[in-house]
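Student: Let us go through this model by question and answer. Please define terms as they come up.

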Amino acid sequence: MEIIYSLIAASAAMLGAGLVLKFHEWSERNSILVINFAAGVMLAIAFTHLIPEGIAANPHAVFYVLIGFLAMFFLQFIVLFHPSHDDDECETHSPAHTASVIGLSFHSLLDGLIMAVGFEAGSGTGVFMTLAVILHKLPDGITISGILLHSGASRKKILNFSMMTALFTPLGTLLGIFLFRNVSPEILGALLGATAGSFIFLAASDLIPETHKCKNRKAPVMLFVGAAFILFIEYVLRIG
């Protein structure tokens, strides 16, 4: 089941790449809305789902939230990648496309590991984490394709690189299945805490700052819509 969901997440990245190739201006102009919706989803999942479940399994899970946040901050410098979405309303700060491909490939590997952790905690948590991954894989696909397109890469090269980075997600899930199968509650709680920290970092450092570069007034609203969407699902599940 985890592999199927990770393949769906990889398909979302490929969808983003396809949108850039077929509707470049439209996808660049509207990707900021998806980015902010994804940020709201990730923050809501971290604070309402991952952290409470992590603390229930491990009382020290909050400590691992900080570790996850700082680890993602450190990895940001190693992979030399910071998302930038170039459109008519936004400033451009695109790194070299080679570093971007490496960075997004590594990021996709982490996404797969995160999904494996979620399903180890339970099917509900796994689905929530898959949703968060899918929602930010779409702008990831737009990002890498846009960078390659502006660098003069051919359509075939863009599709090949996009597929390569996307396939690191199911690869990470496979790796996570072997690493995290039947782990103790304490380790699982620590992993959930670290995952929450990574979600908070990605939303606060990579996704939300894009809003400040753009003039689209709908973008900040989508952050609240994304968070409200998760809170609504949580409410339905509790009364169901």
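Tutor: A crossing is left-handed if the near helix is turned anticlockwise from the far one by less than a right angle, and right-handed if clockwise. The model is predicted, so local features need pLDDT of at least 70 and side-chain atom pairs pLDDT 80 or more, while totals for chains, interfaces and linings use all residues. Residues are numbered from 1 along each chain as its sequence is written, and side-chain values use heavy atoms, without hydrogens and water.

Student: Which handedness does the crossing of α1 and α6 have?

Tutor: Helix α6 covers residues 155-180, and its axis lies 9 Å from that of α1 at an angle of about 160°. That angle makes the two helices roughly antiparallel (over 145 degrees). The crossing of α1 and α6 is right-handed.

Student: Is Ile8 buried, partly exposed or exposed?

Tutor: Ile8 sits in helix α1, residues 2-22. Buried means under 20% relative accessible area, exposed over 50%, and partly exposed in between (1.4 Å probe, protein chains only). Because its relative accessibility is 40%, Ile8 counts as partly exposed.

Student: What separates the C-alpha atoms of Tyr64 and Ala196?

Tutor: Tyr64 belongs to helix α3, residues 61-79, and is partly exposed at 29% relative accessibility. Along the chain, Tyr64 and Ala196 are 132 residues apart. Their C-alpha atoms are separated by 8.7 Å.

Student: What is the phi of Asn182 near?

Tutor: Asn182 lies in the loop between α6 and α7 (185-207), and is exposed with a relative accessible area of 67%. Most residues other than glycine have a negative phi. For Asn182 phi is positive, near 60°.

Definitions and conventions. Helix = DSSP H or I, 4+ residues; strand = E, 2+ residues; numbered from the N terminus. Axes fitted to C-alpha atoms, helices over the stretch in contact; angles between N-to-C directions. Parallel < 35°, antiparallel > 145°, perpendicular 65-115°, else oblique.
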